[in-house]
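Here are my notes on this model, in numbered points. Please read them with the structure open.

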Amino acid sequence: MKKPIFLCAISNISSGSCNEDCKFCTQAVQYKADIERYKYKQIKTIIEEAKQAKANGAVGMCLVTAGKGIDSKILAFVCEAARAVKAEVQDLLLIACNGTANIEQLQTLKEAGIDAYNHNLETSRDFYPTICTTHTWDERYETCKNVNEVGLMLITGGIFGMGETQQDRLSMLQSIESLSPMSVPINFFHPNAALPIQNNIQNIEEAFSLLNLSRQIINENSRIMIAGGREITFGTRQKEIFSNGADAIVIGNYLTTAGNDANSDLSMIKSLGFRVATGEDCSGS
């Protein structure tokens, strides 16, 4: 029997105000990328996005803020949003993605109704200083360990195509596996003229090989979710990601780039004979 395909939606609830220098991110203020920027999305809009995510078959929605980590204002805002969504939308896994976080902050999020926390390692420990100098890879890894300690479900992944070597890719995947995450978002770098790096993945076959490598290293109990860059990387061959190890995708738009039409993705999944996962499939995760 085929494994169900898990769908996750993203709500960018605070956009484009990050002072870090991550070279892969259009939300970094210093690169002046042409994106929509706002401090706080209206709660009623977040609730509507959650309802749409549920209607599209998503089992989870990620509340994402721009910035290195959680300050008191962001913490209060995410908690307010989480409580509001939980009151209006039933059986939707709520994921927070708010940068580095300590145990106390994560515990507060958990008490507000957050079920999981997403904090990507992005790349290998050795390569990380090449793409970011304003904070360390070790801070990211420590946050992931904190997530596990407070009992939230951990989601952590990374990005292929930022100039890293194959050894960097292996190292990143091994570090991810050491954290025993529930889900592993695999992103493929989406170039932007404002950003100082370019994609170093040569072709679609290399991208598929990296997806296969991810599945070989990551425990089968962890879902591999193809996230940013799916459309530009795999194009008309997106359906092949599922035969190459993926069992989850982001449905709808990403943080600052548009995704496929949700109905198109749902039709693709159905045409391949897969079932869209429900909340019951998350039990025991």
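1. Start with Glu231. Glu231 sits in helix α8, which spans residues 230-234. The model is predicted, so keep that in mind for every value below. The relative accessible area of Glu231 is 16%. The cut-off for buried is under 20%, so Glu231 counts as buried.

2. What does Glu231 touch, apart from residues up to four places away in sequence? The partners are Gln238, Tyr254, Gly259 and Asn260. Take Gly259 as an example. Gly259 is 28 residues from Glu231 along the chain, yet their C-alpha atoms are separated by 7.0 Å.

3. Is Ile197 buried or exposed? Its relative accessibility is 11%, so Ile197 counts as buried.

4. Setting aside neighbours within four places in sequence, Ile197 is in contact with Lys23, Phe24, Met162 and Phe189. Ile218 is 21 residues from Ile197 along the chain. The C-alpha atoms of Ile197 and Ile218 are 27 Å apart.

5. Now the nonpolar cores. The largest has 80 residues. Which of its residues touch the most other members? They are Ile46, Leu109, Ile114, Tyr117, Ile226, Ile241 and Phe242. Helix α2 (residues 72-88) gives this core its largest share, nine residues. In soluble globular proteins, nonpolar side chains tend to be buried together.

6. Beyond its neighbours within four places in sequence, Ile46 contacts Ser11, Ile13, Lys41, Met61, Leu63, Phe77, Ala81 and Val85. Another core lies apart from the largest one and has 19 residues. Among them are Phe6, Val250, Tyr254 and Ala277. Tyr254 is also one of the residues that Glu231 touches.

7. Next, the overall fold. The protein has nine helices and nine strands. The radius of gyration is 17 Å, close to the 19 Å that the globule rule gives for 285 residues, so the protein is as compact as a globular protein of that length. The C-alpha atoms fill a box of roughly 45 × 45 × 35 Å along the principal axes.

8. Contacts and burial come next. Of contacts between residues at least 6 apart in sequence, 72% join residues at least 24 apart. Buried residues make up 56% of the 285.

9. Last, surface and charge. The protein exposes about 12300 Å², and carbon and sulfur atoms supply 48% of that area. There are 26 positive and 32 negative charges. Their mean positions are 3 Å apart.

Terms used:
Residues numbered from 1 in each chain as written. Predicted model: local features only at pLDDT ≥ 70, side-chain atom pairs only at ≥ 80, totals over all residues. Heavy atoms only, no water. Helix = DSSP H or I, 4+ residues; strand = E, 2+ residues; numbered from the N terminus. Rg over C-alpha atoms; globule rule 2.2 N^0.38 Å. Buried < 20%, exposed > 50% of the residue type's maximum accessible area, 1.4 Å probe, protein only. Contact = heavy atoms within 4.5 Å. Areas by Shrake-Rupley, 256 points an atom, 1.4 Å probe, with all protein chains shown as cover. Lys, Arg positive; Asp, Glu negative; His and termini not counted. Charge placed at Lys NZ, Arg CZ, Asp CG, Glu CD. Core = buried A, V, L, I, M, F, W, Y, C linked by side-chain atoms within 4.5 Å.
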